[in-house]
Amino acid sequence: MVLLVMVGTLAAQDPRGSIIGRVVDGSGAPVVGATIKITSTTTGVVISTPSNETGDYRALYLIPAIYNVEVEAAGFSKLSRPGVQVRTTETVTLDLELKVGQVSETVEVKAETPLLNSADVSLGQVIDQRRIE
C-alpha cells in the first residue's frame, strides 16, 4: 500500500521549470507591455510573453535547458541575457532593467524637377482655338 502512494506521488511531479521576473526602467518603474523572448539554445524554440501592468512576466513549463532571454519595449534599448539555466522543477527569478533608448529620426526631402522624361516616349502639344482658325 505504501508503495502505491509513493508511485502516485512520483508521477505527479512535473520536471519542467520556469522563468519569472519583473521588467523595470532605470528609476524602478514597471515597464508595461514589454516583449520578453525566451529562446532555448538546444532546440531553438522561442517562447514570447508580455509584461503585465506591474511589469511582471512569467514563462512557465520550460524544459530544463539553457535559455537566452531578450527584452524589447518601445522607447527602450533592447536587453539580452544569454545563458540562463533552468533546472528540473526550478523557478528562476530574473528581474530585467531597461535603459532608455536613443530616439533619432532623420527626414530627408529632395524635390527635383526632371529635365527630361526618359520613361515616356509620347509627345503632345495643346492647340488652342486661335491657332486652329
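Start by selecting Ser-40, which sits in strand S2 (strands are DSSP runs of E with at least two residues, helices are runs of H or I with at least four, and both are numbered from the N terminus). Is Ser-40 buried or exposed? Ser-40 is buried, since its relative accessible area is 6% (buried means under 20%, exposed over 50%, and partly exposed in between, using a 1.4 Å probe and protein chains only).

Now show what surrounds Ser-40. Its side chain makes a polar contact with the side chain of Thr-43, at 3.1 Å (a polar contact is a pair of N or O atoms within 3.5 Å; within protein, one must be able to donate a hydrogen and the other to accept it, and residues adjacent in sequence count only if both atoms are side-chain atoms). Leaving out residues up to four places away in sequence, Ser-40 also touches Val-45, Ala-65, Ile-66 and Tyr-67 (contact means heavy atoms within 4.5 Å).

A quick word on what you're looking at: this is a predicted model, where local features need pLDDT of at least 70, side-chain atom pairs count only at pLDDT 80 or more, and totals for chains, interfaces and linings use all residues. Residues are numbered from 1 along each chain as its sequence is written, and side-chain values use heavy atoms, with hydrogens and water left out.

Zoom out and color by secondary structure. The protein has 133 residues, and 23% of them count as buried.

Next, select Ile-19, Val-23, Val-69, Val-71 and Leu-96: these have the most contacts inside the largest nonpolar core, which has 21 residues (such a core is a set of buried Ala, Val, Leu, Ile, Met, Phe, Trp, Tyr and Cys residues joined through side-chain atoms within 4.5 Å). Strands S1 (17–24), S2 (35–40), S4 (56–62), S5 (65–72) and S6 (79–86) each supply at least two residues of this core. Which strand gives the largest share? That's S5, with 4 residues. Stay on Ile-19 for a moment: beyond its neighbours within four places in sequence, its contacts include Ile-38, Tyr-57, Leu-62, Val-84 and Leu-94.

Last stop: Asp-14, in the loop between helix H1 (2–12) and S1. Asp-14 is partly exposed, at 31% relative accessibility. Its side chain makes a polar contact with the side chain of Arg-16, at 3.0 Å. Finally, pick the C-alpha atoms of Asp-14 and Thr-88: they are 8.2 Å apart, though 74 residues separate them along the chain.
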